[in-house]
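Visitor: Please show me how to read the features of this model one at a time. I would like the general idea, then the case at hand.

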Amino acid sequence: MLWTDKYRPQTFKELLGNGKSKKQIEHWVNEWKKGNPQKPLLLVGPAGIGKTSLAYIIAKEFSEHIELNASDKRSYDILMSTIGESSSTHSLFGESYKLLILDEVDGINGNDDRGGSRAINKIIKESKQPMIMMANDFYSKRLTTIKTKCLVIKMTKVHTNSVGAALKKICRKEGIDFDPEAIKVLAKNSNGDMRAAINTLQAASEDGEKFELSNLDNISQKDNTNNIFDTVRTVLKSRTVNHIKPDMMIDEDPTLVMEYIAENIPHEYEKPSEIKNAYENIAKADLYFGRARATRDYTYWRYASDFMGPGVALSKKETYRKFTRLTGAQAFRLMGQTRGKRALRDRIAEKMENKMHVSLEVAYTMFPSFEIIFQNDEMAYEISSFLELEDDEIKRFRKRKIPKKVIKKMEKEINEAKRLEREELNKNIKTGIYRESTKKTLNKVKENAEEKVKDSKSDDDSNVISNENPEKENFKPEEKESKPKKSKKPKKEKESEKLDKGQTSLFSF
Ligand SMILES: Nc1ncnc2c1ncn2[C@@H]1O[C@H](COP(=O)(O)OP(=O)(O)OP(=O)(O)O)[C@@H](O)[C@H]1O
């Protein structure tokens, strides 16, 4: 879930900044409640400072509300039939009011108006219902006449300190450790845009690691989602190719734009045949992106763009008269969310590969058993010190820290075991695991995992998924290669032979 949604303010108090404006709005709401009709509210201000959130908070004060996006319906007729009617009649329940929320009245998408502001002016004149309008650009020409008929609330950017405090609060709620300096920089760079600040924080902390200045280096602090959403909205809402094409030219990875469009098709389109056609166009666009990648001939992008833009747009019979909240591309979000986890998993598996002489595949297969074994404090300590796991790597298998008492006890025992070993074999042996029971358990887990991997391979030999690191996958432990082929020596002897050949652990992997 996007943190901007999770932490969307629910009350006037929770909405940061704009104290004076909030008071004005509370008065406006109370007057309506007393039955005194008020001028429509026009909330104007830059993106991401809480206009939409404020409209939702106000909506809670009324029994019903409708949301519409003014830039979706550019034509005078459509606006009149969708908004005009509902706003000039009382609701079925008599006394209660129906709040009308109209976003983007400055029509930030597209260049032509085709009567949009004329319709809004007419609605304002005829409406007997409370109405809120939102706009980004106070100086937009389209607002010139509308402004004179409204109670204009100029919303200001959220103060850097408030942004910082809100970000810290989110970190605490999400259990994310943070460097106050990094929060300060993020708050300052966001320039009052709360949405951009929260999105950047979420993107930088997906893997639950401490939020530090270095995290910010990897993240583009520019929140481009607005641009993408504008494009997606135009594609899904318009059927005019001449409008769609210019809106597709944004400074974004076109495959990402395709993902966003694909994600939102079923949110907007309702008829199965339209959804089917739209996805067929997405599939074709994907094909051309693939060709461009394979041949490095990027003229294919043009075809891809035609399929995912006008192709998807024309898959619908007509535009829907509704407000659709667009969502981000799930696939990318999921990849982002698991990036940290995957890196951690790979780090551990590599350690297992080196220390236990197993393939990465076998190592991954051992993970579920490790989750169980690691519940035992002493075994968790033995294995993690043998594999030289860091704290965050241990945390992959157990939530609790290994108690200090146990660590102390085990360290003592391990040192003693090392001493005995050195005495006995006169070798400088480094070991983490020394107890028979732990060795046996690990050996069993390893054997089971190897068995499972072997089974899955023999099930479908031709379908073996190549490992992320094929070189490592082919790695063969040295002692195995140098093992005498026809050895008939008793087991004990073989073990000491391995040690003589330089194995650094008592544990016979
Ligand atoms: N004043 C604020 N106080 C607390 N959180 C805020 C505030 N403004 C924005 N946010 C956070 O940013 C998110 C986006 O805000 P919102 O959609 O209300 O912005 P907006 O001004 O309507 O932007 P746009 O004009 O682009 O639609 C919210 O869900 C919330 O998490």
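Visitor: Where is the place of Asn18?

Guide: The place of Asn18 is in the loop between α1 and α2. Helices (H or I, at least four residues) and strands (E, at least two) are DSSP runs, numbered from the N terminus. This is a predicted model: local features need pLDDT of at least 70, side-chain atom pairs count only at pLDDT 80 or more, and totals for chains, interfaces and linings use all residues. Residues are numbered from 1 along each chain as its sequence is written.

Visitor: What is phi of Asn18, and is Asn18 buried or exposed?

Guide: Phi of Asn18 is near 50°, a positive value in a residue other than glycine. A residue is buried if 20 or more other C-beta atoms lie within 10 Å of its own, exposed if 12 or fewer, and partly exposed in between, with C-beta atoms placed from the backbone. Asn18 has 23 other C-beta atoms within 10 Å, so Asn18 is buried.

Visitor: Which residues are buried in helix α18?

Guide: An α-helix has 3.6 residues a turn, so residues three or four places apart point the same way. In α18 (residues 377-387), the buried residues are Met379, Ala380, Tyr381, Glu382, Ile383, Ser384 and Phe386.

Visitor: What is the order of the strands in the sheet?

Guide: Strands of a sheet pair through backbone hydrogen bonds, either parallel or antiparallel. Two strands pair if DSSP finds at least two bridges between them. Here the open sheet of five strands has the order β2-β3-β4-β1-β5, with parallel pairing. β2 (64-69) and β5 are at the edges with a single partner strand each, so one side of each has no neighbour in the sheet. From one strand to the next, the twist averages 20°.

Visitor: How many bridges join β1 to β4?

Guide: Four bridges join β1 to β4 (residues 131-135), and the two strands run parallel. Leu41 stands opposite Ile132, and Leu42 opposite Met133. β1 also pairs with β5 (residues 151-154) in the parallel sense, over four bridges, with Leu43 opposite Ile153. The bridge partner of Leu100 in β4 is Met131, and that of Ile101 is Ile132.

Visitor: Which residues of β1 are on each side, and are they buried or exposed?

Guide: In a regular strand the side chains alternate between the two faces of the sheet. In β1 (residues 41-44), Leu41 and Leu43 lie on one side and Leu42 and Val44 on the other, and all are buried. In β4, Met131, Met133 and Ala135 point one way and Ile132 and Met134 the other way, and all are buried.

Visitor: Which helix lies across β1 and β5?

Guide: Helix α2 (residues 19-33) lies across β1 and β5 and runs at about 150° to β5. Axes are lines fitted to C-alpha atoms, for helices over the stretch in contact, and angles run from 0 to 180 degrees between N-to-C directions. Two residues are in contact if their C-beta atoms, placed from the backbone, lie within 7 Å.

Visitor: How many residues surround the ligand?

Guide: A residue is near a molecule or strand if its C-beta atom, placed from the backbone, lies within 6 Å of it. For the ligand, 21 residues surround it, and the closest are Ala47, Gly50, Thr52, Ser53 and Met194. The elements giving two or more residues to this shell are α1 (3-6), α3 (51-59) and α9 (194-204). Domain 1 (18-154) and domain 2 (160-218) each supply at least three residues of the shell, with domain bounds taken from an automatic or database domain assignment.
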